[in-house]
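Have the structure open and turn it as you read.

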Number of protein chains: 2
Amino acid sequence: MVKTAILGYGTVGSGVYEVLKKNKDVISGKLGEEIQVKYVLDLREFEGDPVQDVLVHDMNLILDDPEVQIVCETMGGEHPAYDFTKSALERGKSVCTSNKELVEKHGPELIKIAEKHQCSYLFEASVGGGIPIIRPLRTSLAQEEILSITGILNGTTNYILTKMETEGLAFDTVLARAQEKGYAEKNPDADILGYDACRKISILTSLAYGKKVDFQDITTEGITAITDIDFAYAKKMGATIKLFAKSVKKNGKYYAIVAPFMVKPENPLYAVKGVFNAILVNANMGGETMYYGKGAGKLATASAVVADVLDCARHIGKHLDIKWEDERLEISPIDGAVRKFFVRVSLTDEEQIKKVFGEVEMFTGVAKGECGFVTEEMTEAAYRERAAKFDNVLSMIRVD
Amino acid sequence: MVKTAILGYGTVGSGVYEVLKKNKDVISGKLGEEIQVKYVLDLREFEGDPVQDVLVHDMNLILDDPEVQIVCETMGGEHPAYDFTKSALERGKSVCTSNKELVEKHGPELIKIAEKHQCSYLFEASVGGGIPIIRPLRTSLAQEEILSITGILNGTTNYILTKMETEGLAFDTVLARAQEKGYAEKNPDADILGYDACRKISILTSLAYGKKVDFQDITTEGITAITDIDFAYAKKMGATIKLFAKSVKKNGKYYAIVAPFMVKPENPLYAVKGVFNAILVNANMGGETMYYGKGAGKLATASAVVADVLDCARHIGKHLDIKWEDERLEISPIDGAVRKFFVRVSLTDEEQIKKVFGEVEMFTGVAKGECGFVTEEMTEAAYRERAAKFDNVLSMIRVD
């Protein structure tokens, strides 16, 4: 029997407890032995909840119990999660977490500590919720040179964009409804400004190249400027608008961005609707693979934590190696990234546009007194330089 | 340094050699040590090819060399692949293969032998080519009760159906063109009659439930009866037609089928076009996850073999456990499976149809002297019983 402790009995922590309980037989069958929750750590009491029987309020009980070999850190936040994780690893207890903030900030250090103490620090649930992506990157794609990663990594924004598209509504209206339904937080900034997606692509890019990406190096734009008129243009172009979190390796340089993109149906991410997430990886040998599923939610996220618990249980006394050095991966200025741009300007003189942008694909008749066009491929710097010649750019959306 | 041998220098085998060579640095970086191809076994000579330096014609050289710890079996077919695999495993050499025929037929036995000799038998490349699906099933979804697996597992048929849809062409026309382009074999039966997809869903279902599915227990229909008129109906329904390989666990019973299905855009498999494959897994805790990529092709398949090689290299002297007992998983007669059916009949009397089928959704005006309809949910047996009352059923396609 393998014994585990859950730190934090909130949404994800109680989900982990539930998955381990409900799927006890499946898990024992696959693993060949039982996984038992010996402790749940939380400051609160849960009278009437069966968890009360294993509830403790003192982390030292868990740290001092040699029977506990795996710890699930589902508290979130940096402190005390960091200290608890470090202490557990130093005692040779593997830690499985859903805490993307901690992973993004201290991943390399915690992996090193785990290595030193022959245990593991696993964090499948920290990116993409219930979608297996961290483990496939580490195992199924270890033989590949990763050329690009493009993710729809935030369910709230994908839900909002999907609703704007299908119901023709304005951003504010959809956000308000999403908040009512609990699909968006009361303070939705981390989602709608792209920060959440940014931390996640930072983790995935770090794992792809084995070095540390500083999320502050990633150009990050949210979806707050996207309007129903943008979607009307998208429809005319046969496209849709998605918040992409993207990193690319090109000519030995690395680029990373979080921003809305115009996406055509040929891209498998086009069909990812609502709260679902997906990650498209392009690799030099196997080509494109995509991983799709629920990017959030109690049981999906908890299930990913439990997958890590099983992996640790299969490797007791062994370190599951994750290449992620503390050395910084240099992200090149986004200026050098090459792509097409969709631009809306409050004028309709095609000649004037072509004089500045050269060959463009025009879209007219969508809204009065303006037009939209798609440029040829150029660098971000070249786009900005040309756009500066107009004082009437209404919006710009990158084209994938 | 880890030393490996490749058995068979055909399409996949030469791909494995290429991936190991081209991505040598990436692989060494991730693994922490180099993987060297010490031997390539083939009956032929390859004058002028650098492989000639490591080419051997006698399997015993490989078996007798204790330095070779991992063998890639990329010969295909049952013999001598079976004997070579068995001998290698008995000497404690792990075997990684793309050979779906061998895996389907002898998987449980070869896994047992590997377990006994503390090595591994891995076969990621045998299903879904370059798509990670076997390893995610074994690791990322080990904590899940699998409720259903639905796969587009054959690139040739998906290419044909996609072309029929987008170009409005007849089956025979598209098949002939696919054969010209090399997307379909000269003898295409294994693909177009669904046998290839059947073997693959048989392997996936076996792994999901840990017992052996006999592929002959799986109801298998190909795509040869699908016409351009069927696609015209699909369009009217806002659907498309896909060859699904599907297994379902419901009320303690297991159902499995390979057949064309009407698929709506809400299903993430709807967007899988051309030669791409994808597998949608529904699990009781994490819900739906989908895995998408190239289902065939030299480098994609080879890349999956090399992923297995790295996994073995990380676990030298240890058996990577795959639950797959030789005990037979009982597949229930398809009669009991419940779904909707799309039916075309050469009559247009709606009353007559409703008298037999009850409430239906009618589609008229697609072709002269006939109509199509979608039934309510019923068992396959109930459908057949009702359809027998008409002597003018033109076609039936299951609805997902």
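In what order do the strands of the open sheet of six strands in chain A follow one another, and is the pairing parallel or antiparallel? Keep in mind that this is a predicted model. Reading across the open sheet, the order is β3-β2-β1-β4-β5-β6 of chain A, and the pairing is parallel. At the edges sit β3 (55-56) and β6 (121-122) of chain A, each of which pairs on one side only.

Look now at β1 and β4 of chain A. Strand β1 (residues 2-7) and strand β4 (residues 68-73) of chain A run parallel and share five bridges.

B:L41 has B:V56 as its bridge partner in β3(B).

Time to step back and take in the whole of chain A. There are 14 helices and 17 strands in chain A, and the C-alpha atoms fill a box of roughly 75 × 45 × 35 Å along the principal axes.

Chain A splits into domain 1 (2-129 + 298-314), domain 2 (136-294) and domain 3 (334-399). Notice that domain 1 is written as two stretches of the chain, 2-129 and 298-314.

How do domain 2 and domain 3 sit against each other? The C-alpha centres of domain 2 and domain 3 of chain A are 23 Å apart. Their contact takes 16 residues from domain 2 and 13 residues from domain 3 of chain A. On the domain 2 side, α11 (228-236) and β10 (253-263) of chain A each supply at least two residues, and β10(A) gives the most, with seven residues. By class, this side of domain 2 has twelve nonpolar residues, one polar and three charged.

Strand β13 (residues 338-345) of chain A runs antiparallel to strand β17 (residues 393-399) of chain A, joined by six bridges, and A:R344 is partnered by A:S395 in β17(A). Four bridges also join β13(A) to strand β15 (residues 371-374) of chain A, again antiparallel, with A:V345 partnered by A:C371. Then there is strand β16 (residues 378-379) of chain A, antiparallel to β13(A) over two bridges; there, look for A:R339 and its bridge partner A:M378.

Finally, where do the two chains meet? In this contact, 39 residues of chain A touch 39 residues of chain B. On the chain A side, α2 (24-31), α6 (134-138), β12 (287-294) and α12 (298-314) each supply at least two residues. The largest share, eight residues, comes from β12(A). The chain A side has 19 nonpolar, twelve polar and eight charged residues.

Zoom in on β12. β12(A) and strand β12 (residues 287-294) of chain B run antiparallel, joined by five bridges, and A:G293 stands opposite B:T289.

What relates the two copies? Chain A can be laid on chain B with an RMSD of 0.0 Å by a turn of 180 degrees and a shift of 0.0 Å along the axis. The two copies are thus related as by a two-fold rotation axis. In chain A, the C-alpha nearest that axis belongs to A:Y291, 2.5 Å from it. And 100% of the interface residues of chain A are also interface residues in chain B, so the copies meet through the same surface.

Terms used. Residues numbered from 1 in each chain as written. Chains lettered and ligands numbered in written order. Predicted model: local features only at pLDDT ≥ 70, side-chain atom pairs only at ≥ 80, totals over all residues. Domains from an automatic or database assignment. Contact = placed C-beta atoms within 7 Å. Nonpolar A, V, L, I, M, F, W, Y, C, P; charged D, E, K, R; others polar. Pairing = 2+ DSSP bridges. Least-squares fit on C-alpha atoms with pLDDT ≥ 70 in both.
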